[in-house]
Amino acid sequence: MQAFHPDEILVERASMETPMFRRLRRTLPQVPFKILKEDTTAGGLARGSNSFGTAKHRLIVASHKGEFLKKCPGSAGQVCCNYFVINFASNCSMDCRYCYLQEYLSENPALKVFSNTGDLLREADELLSKHRRFFFRIGTGEITDSLALDPYTGFSREIVPFFANQPNALLELKTKSDCIDELLSMDPRERVVVAWSMNPQSVIELHEQDTASLDERIAAARRCQEAGYRLGFHFDPMIEYPGWDDDYKNLIERLFASVDWRRIAWISLGVLRITPALKRTMRERFPQDSLVTGEQVLCPDGKLRYFQPLRVAMYRKMHHWVRYAAPTVKVYLCMESREVWQQVFGYAPSCEKELGMQMAPAVSTS
């Protein structure tokens, strides 16, 4: 995976006294830093950024003014896994061609990291302390990659020790990178899961630009497992193409030959899903990409997916291959209907809390 090297770093003056700023200065000494004038805000610069792709070449360091922690929005009419998200950054240094951030951040595409991490931790501590009887599964990868910038920001040095001491939460760090060196010297105490989005190498080369290769992801997962972390894997988005089944089967065999499935917290399955607006953006940015020409149907939540019989067939095959290698690991579907759940697993969770709590028993809440 190539190192991150922005053209410049713009810093709000209020962020100059933060650990985040000092770490970036130390880890990116060759990049020019520009301190913004008192009357210039990062928010205004973000809205004035150019296209989604070019915005990735300039990093903005600013304080976050709103809430850091929120409920995952899910998708209307689909089974949700009762997930919560922490947004410590916005946009991503990678450029996957199917990325939904192309639509979600279309009006504010700037690549930003938030410097007021102390406020983030205080907000999380208040929520978790107030609801000790409730189990929280929290991720940091909703509008950014959890680890791609970690060698420069060192954010994991703050978030991992905090969650390692929380009795009623699991933190998931979800990535397409191999940037895990900062994690290896910390003790997660069974409270931190490091997870990877997984696809065959052919899919990575075609559709997941600037990400780690499959070999790099598997090697990083093995190193994290050896350091005491539990793992997660998200086969999402699964992409259908001639020979997809052989490629995904081989991927699963390679993965489970390298990691101990008994130390896997969960595996999710989800097919490619995009909105009509995202498809238009993809067609503008990547007109030759095969993802914009494949057959999909509009589902009740407004997203385009493969025909339901095809999705069910793909999920059944994947579930069979995973079960052969990992008999009892938790497998769930991401943003799918109860009807699809029934056809794949023979049951559907009664509500999002039921599915969320199925992730909890592996960790003691004492």
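Student: Let's start with two helices: as α5 passes α7, is the crossing left-handed or right-handed?
Tutor: Bear in mind that we're looking at a predicted model. In this model, the way α5 passes α7 makes the crossing right-handed.

Student: Which residues of α7 make that contact, and how many charged residues does the contact have?
Tutor: On the α5 side you'll find Thr117, Leu120, Leu121, Ala124, Asp125 and Leu128. Facing them from α7 are Glu158, Ile159, Phe162 and Phe163. Sorted by class, the contact of α5 with α7 has seven nonpolar residues and one polar residue, and its charged residues number two.

Student: How are α5 and α7 oriented, roughly parallel or roughly antiparallel?
Tutor: Helix α5 covers residues 117–130 and helix α7 covers residues 156–164, and their axes are 11 Å apart with a packing angle of about 15 degrees. Angles under 35 degrees count as roughly parallel. So α5 and α7 are roughly parallel.

Student: And what about α10 and α12: roughly parallel or roughly antiparallel?
Tutor: Helix α10 (residues 244–258) packs on helix α12 (residues 308–325) at about 25 degrees, with the axes 10 Å apart. That angle means α10 and α12 are also roughly parallel.

Student: Is the crossing of α10 and α12 left-handed or right-handed?
Tutor: Look at where they meet: α10 brings Trp244, Asp245, Tyr248, Lys249, Ile252 and Phe256, while α12 brings Met314, Lys317, Met318, Trp321, Val322 and Ala325. By class, that's nine nonpolar, no polar and three charged residues. The crossing itself is right-handed.

Student: How many residues are in the largest nonpolar core?
Tutor: As background, nonpolar side chains in soluble globular proteins tend to be buried together. Here, Phe163, Leu183, Trp196, Phe233, Phe235, Tyr248 and Ile267 touch the most other members of the largest core. The residues in that core number 104.

Student: Which residues does Ile267 touch?
Tutor: We leave out residues up to four places away in sequence. That gives Phe233, Phe235, Phe256, Val322, Val329, Lys330, Val331 and Tyr332.

Student: How many residues does the second, separate core have?
Tutor: Among its members are Leu10, Leu36, Ile60 and Ala110. The number of residues in this separate core is five.

Student: Is Leu183 buried or exposed?
Tutor: Leu183 is found in the loop between β10 (169–175) and β11 (192–197). Beyond neighbours within four places in sequence, Leu183 is in contact with Leu147, Ser156, Val160, Leu173, Val194, Cys224 and Tyr229. Its relative accessibility is 0%, and buried means under 20%. Therefore Leu183 counts as buried.

Student: How far apart in space are Leu183 and Val160?
Tutor: Along the sequence, 23 residues separate Leu183 and Val160. C-alpha to C-alpha, they are apart by 8.0 Å.

Student: What separation do the C-alpha atoms of Met1 and Glu216 have?
Tutor: Met1 is in the segment before β1 (8–11), and Met1 is partly exposed, with a relative accessible area of 29%. Glu216 is one of the residues that Met1 touches, along with others including Met94, Ala148 and Cys179. Although Met1 and Glu216 are 215 residues apart along the chain, their C-alpha separation is 7.8 Å.

Student: What percentage of the residues of the chain count as buried?
Tutor: The chain has 14 helices and 17 strands. Among contacts between residues at least 6 apart in sequence, 77% join residues at least 24 apart. Of the 366 residues of the chain, the share that counts as buried is 56%.

How values were computed. Residues numbered from 1 in each chain as written. Predicted model: local features only at pLDDT ≥ 70, side-chain atom pairs only at ≥ 80, totals over all residues. Heavy atoms only, no water. Axes fitted to C-alpha atoms, helices over the stretch in contact; angles between N-to-C directions. Helix = DSSP H or I, 4+ residues; strand = E, 2+ residues; numbered from the N terminus. Parallel < 35°, antiparallel > 145°, perpendicular 65-115°, else oblique. Left-handed = near helix turned anticlockwise from the far one by under 90°. Contact = heavy atoms within 4.5 Å. Nonpolar A, V, L, I, M, F, W, Y, C, P; charged D, E, K, R; others polar. Core = buried A, V, L, I, M, F, W, Y, C linked by side-chain atoms within 4.5 Å. Buried < 20%, exposed > 50% of the residue type's maximum accessible area, 1.4 Å probe, protein only.
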